[in-house]
Amino acid sequence: MSERLPSASNPFSGRVVAILMAVGVISLAGVLILMAWSPDLASRDRAGPTPYSRSATGYSGLVDMLDARGLPTSVSRLEETVSARQGSLLILTLPTNGRTLDINEIAAPALIVLPKWDYFTNPTKRSWEIYTEPESVEMIDASLGLIEEDASLERIDDPRQIETPFGTFSPDFEDRLQVIQSDALVPLISVRGGDLVARVPDTQIYVLSDPDLINNFGLARLENARAGIGLIEYLADDSRTVVFDATLHGFERSTNLLKILLDVPFIGATLIALATILLIGWAAAIRFGAPERETRAISFGKQALADNSAGLIAMARREKRMAPGYLALSRRALSRELGLPRTLSEEEYIALLDRMGAQAGLDQSFSDHNQNLSHAANSRDDLRQKARALWRWRKEMTHGN
């Protein structure tokens, strides 16, 4: 005789499926969020003359020193900051190659720092520079020409002292001092051979010729730091706030469709759309089989008539009062099925059924069922139990055990 092999249990229970779906939804949401904000989350500390850079040619040291001196300092990644007149001193550190600069769109007061160094990035660590060397004068002249066409750049020996409107300093410039020679620009800090800081006529836009005065490499020297901080505080005297521009180095704040949908003011509409998708998915998950076709409000046939009648009785809350009626219906069926005479009185009828039940070996007598169903039941369950007991007694009497 062969044994029936036990059926293999399904490993994908409802709880497991729900957990897998939740993990999938959370993972997808994480991927979308990272795709939207990945440019903003990427490290901005890389080699070069940027406000974020900690390399020799960077300016993060100046940002930290200005903050330490109590001068509110920020780094802007918005292109409109260059042209927006907010009253802050705008500092633009020019790269040797980058976005084109239009002097007419710069909001004053502003300080433009010319480049000086060509650097080589460490391929294993992008925030480090392997070594630096002076950029060609022709390359820097191209950047200076965007500010003043007739201006030129020269490199002279390092002077011992520099006289400024905010004091006398002895900074130490690496290689040679880089100065501007121009009859159009208004000198602010001059040395023998050119201008270290000059102003564009009829504006509050200043040009610093040598970045070693304020870059990380230069600020490591005390006199350079004193002169550089003094220059920034002198130019920011009215505004008392400083803003570094980072868009010239490719740090514009990115805008994409995912970020727009997950940011104000569209986040509300996005959440409503996601909730709608979840509700549609839930409705599709709990539905199975072909959709039911629309049928008649009242069907044909005996079954429909019985169902409708039962519904009406339930609506009228008359189930408990149906016990005497069911008893009378069962008595008539017993008389018909057992062939009992119709001339019997009620007492004789009950006594006859009791004797027949005793002869058939039934535990309960008909009189017990008659007494239970002769009045209204206590509840629907009570009626069901008493009616089912009489139905079984009747089946045993008419069809046997």
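Colleague: Which residues does glutamate 135 touch, leaving out those up to four places away in sequence?

Modeller: In this predicted model, glutamate 135 touches Thr96, Lys116, Trp117, Asp118, Ile140 and Arg155. Glutamate 135 itself sits in the loop between β5 (129-134) and α4.

Colleague: Is glutamate 135 buried or exposed, and what is the nearest side chain of opposite charge?

Modeller: Glutamate 135 is buried, and the nearest side chain of opposite charge is that of arginine 155, 7.2 Å away. A salt bridge requires a nitrogen and an oxygen within 4 Å, and glutamate 135 has none.

Colleague: Ile140 was among those contacts. Which residues of helix α4 are buried?

Modeller: In α4 (residues 137-145) the buried residues are Ile140, Ser143 and Leu144. The arc they cover around the axis is only 100°, so they are on the same side of α4. Their cover includes β6 (152-156) and β9.

Colleague: How do I read α12 in those terms, and which of its residues are buried?

Modeller: Look for the buried positions, then for their directions from the axis. For α12 (residues 366-373) the buried positions are Phe366, His369, Asn370 and Leu373. Viewed down the axis they fall within an arc of 100°, so they line one face of the helix. Among the elements that cover them are α10 (323-338), α11 (346-359) and α13 (380-399).

Colleague: How many salt bridges does the structure hold?

Modeller: The structure holds 12. One of them is between aspartate 172 and arginine 221, whose closest N and O atoms are 3.5 Å apart. This pair also links distant parts of the chain: aspartate 172 is in the loop between β8 and β9, and arginine 221 is in the loop between α5 (216-219) and α6, 49 residues apart. Aspartate 172 is partly exposed, at 39% relative accessibility. Arginine 221 is partly exposed as well, at 21%, given that buried means under 20%.

Colleague: Now the backbone. Which residue has a phi near 65°?

Modeller: That is aspartate 175, and the value is positive in a residue other than glycine. Aspartate 175 lies in the loop between β8 (167-169) and β9 (177-181), and is partly exposed at 46% relative accessible area. Aspartate 202 also has a positive phi, near 60°. Aspartate 202 lies in the loop between β11 (194-199) and β12 (205-208) and counts as exposed, at 78%.

Colleague: Where is the cis peptide bond?

Modeller: The bond joins alanine 108 and proline 109, with omega about -5°. Proline 109 is in the loop between β2 (89-93) and β3 (110-113).

Colleague: Which residues have the most contacts inside the largest nonpolar core?

Modeller: They are Leu111, Leu196, Leu208, Ile232 and Val242, in a core of 33 residues. Helix α6 (residues 222-235) gives the largest share, six residues. A second, separate core has 23 residues, including Leu90, Val200, Val207 and Val243. Beyond four places in sequence, leucine 196 contacts residues including Ile162, Phe173, Leu177, Ile189 and Leu213.

Colleague: How does the chain's radius of gyration stand against the globule rule?

Modeller: The chain comes to 13 helices and 13 strands. Its radius of gyration is 48 Å, well over the 21 Å that the rule gives for 401 residues, so the chain is more spread out than a compact globule. Along the principal axes, the C-alpha atoms fill a box of roughly 145 × 60 × 40 Å. Of the 401 residues, 35% count as buried.

Note on methods: Residues are numbered from 1 along each chain as its sequence is written. This is a predicted model: local features need pLDDT of at least 70, side-chain atom pairs count only at pLDDT 80 or more; totals for chains, interfaces and linings use all residues. Side-chain values use heavy atoms; hydrogens and water are left out. A nonpolar core is a set of buried Ala, Val, Leu, Ile, Met, Phe, Trp, Tyr and Cys residues joined through side-chain atoms within 4.5 Å. Buried means under 20% relative accessible area, exposed over 50%, partly exposed in between (1.4 Å probe, protein chains only). Helices (H or I, at least four residues) and strands (E, at least two) are DSSP runs, numbered from the N terminus. Contact means heavy atoms within 4.5 Å. The arc is that of the directions from the helix axis to the C-beta atoms. Lys and Arg count as positive and Asp and Glu as negative; His and the chain ends are not counted. The radius of gyration is taken over C-alpha atoms; the globule rule is 2.2 Å times the number of residues to the power 0.38.
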